[in-house]
Amino acid sequence: MSEYERSRTMPAPPEHVFDQASVVGQLDSWLPQGLHVEAADLPAVTVHEDRTGEDEAGLFRAERDQMRLEWGTRDSGSYAGWLQVAGIGSGASEVTVHLSFFDEQHDPGADAVTDELDRSLERLDELVRLRVDDGGAG
């Protein structure tokens, strides 16, 4: 099993960050590029990976009272992850994302995973900043 975790500070209250991160139809805008999530009947989702051209059954849960997202594969059990948003004062938040690969064949390796997690957090930060700069619309 391999586990990876990255964090980033964002200039918005935790509720705002969580609201941007948890919209299923908006996940493509911050998830690793090449991954697309389509909601079936939540928590059931389908994840399409451009690299392989394959669809995989997954689960996605958003727990607003905990400021936490959780996801993973539904049938294969090859990976799972979570995103946690925490307020750090002065209207800012710390966002932590964690991935666990239970099947080593699905693990792209530490460098690739940490790079993608950093890029995903950067894209989420950009999304949050756009919404903050736009007066919270969205």
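Predicted model: local features only at pLDDT ≥ 70, side-chain atom pairs only at ≥ 80, totals over all residues.
**Stop 1: strands β6 and β7**

Two residues sit between β6 and β7. Select Ser90, which lies in the loop between these strands. Is Ser90 buried or exposed? Ser90 is exposed, because its relative accessible area is 86% and the cut-off for exposed is over 50%. Check its backbone too. Phi of Ser90 is near 55 degrees, a positive value in a residue other than glycine. Most residues other than glycine have a negative phi.

**Stop 2**

Find Leu69 and look for its bridge partner in β6: that is Leu83.

Next, follow the chain from β5 to β6. Here the hairpin has five residues between the strands.

**Stop 3: two backbone details**

Move to the loop between β4 and β5, and select Met67. Its phi is near 55 degrees, again a positive value in a residue other than glycine. Met67 counts as buried, because its relative accessibility is 12% and the cut-off for buried is under 20%.

Now select Leu42 and Pro43. Which form does the peptide bond from Leu42 to Pro43 take? The bond is cis, with omega near 15 degrees. Most peptide bonds are trans. Pro43 is in the loop between β2 and β3.

**Stop 4**

The whole structure holds seven salt bridges. Start with Arg6 and Asp118. Their side chains meet at 2.8 Å, N to O. Arg6 is in strand β1 (residues 2-10) and Asp118 is in helix α2, so colour both elements; the two residues are 112 residues apart. Both ends are partly exposed: Arg6 has 31% relative accessibility, and Asp118 has 28%.

Then select Arg8 and Asp125. They form a salt bridge too, at 3.0 Å, N to O. Asp125 lies in helix α2 and Arg8 in strand β1, so this pair ties together parts that are 117 residues apart in sequence. Asp125 counts as buried, at 3% relative accessibility. Arg8 is partly exposed, at 29%.

Arg129 is partly exposed, at 40% relative accessibility. Show Arg8, Asp125 and Arg129 together: salt bridges that share partners join them into one network.

**Stop 5**

Select helix α1, residues 14-21. How many of its eight residues are buried? Six are, so the helix is mostly covered. The buried ones are Pro14, His16, Val17, Phe18, Gln20 and Ala21.

Step into the loop between α1 and β2 and pick Gln33. This residue is exposed, with a relative accessible area of 66%. Leaving aside neighbours within four places in sequence, Gln33 is in contact with Glu116 and Arg123. The C-alpha atoms of Gln33 and Thr73 are 18 Å apart, and the two residues are 40 residues apart along the chain.

**Stop 4: the largest pocket**

End at the largest pocket, with a volume of about 960 Å³. It is lined by 34 residues. Select the ones closest to its centre: Pro32, Leu35, Glu49, Tyr79 and Phe101.

Which elements supply at least two residues each to the lining? Colour β2 (35-39), β3 (44-49), β4 (54-63), β5 (68-73), β7 (92-101) and α2 (110-133). Finally, colour the lining by residue type. It divides into 19 nonpolar, eight polar and seven charged residues.

Conventions
Residues numbered from 1 in each chain as written. Heavy atoms only, no water. 1 Å grid on protein atoms, 1.4 Å probe; cavity = no way out; pocket = protein on both sides within 12 Å on 5 of 7 lines; lining within 4 Å. Points joined across faces, edges and corners; volume = space filled by probe spheres on them. Helix = DSSP H or I, 4+ residues; strand = E, 2+ residues; numbered from the N terminus. Nonpolar A, V, L, I, M, F, W, Y, C, P; charged D, E, K, R; others polar. Buried < 20%, exposed > 50% of the residue type's maximum accessible area, 1.4 Å probe, protein only. Pairing = 2+ DSSP bridges. Salt bridge = Lys/Arg side-chain N within 4 Å of Asp/Glu carboxyl O. Contact = heavy atoms within 4.5 Å.
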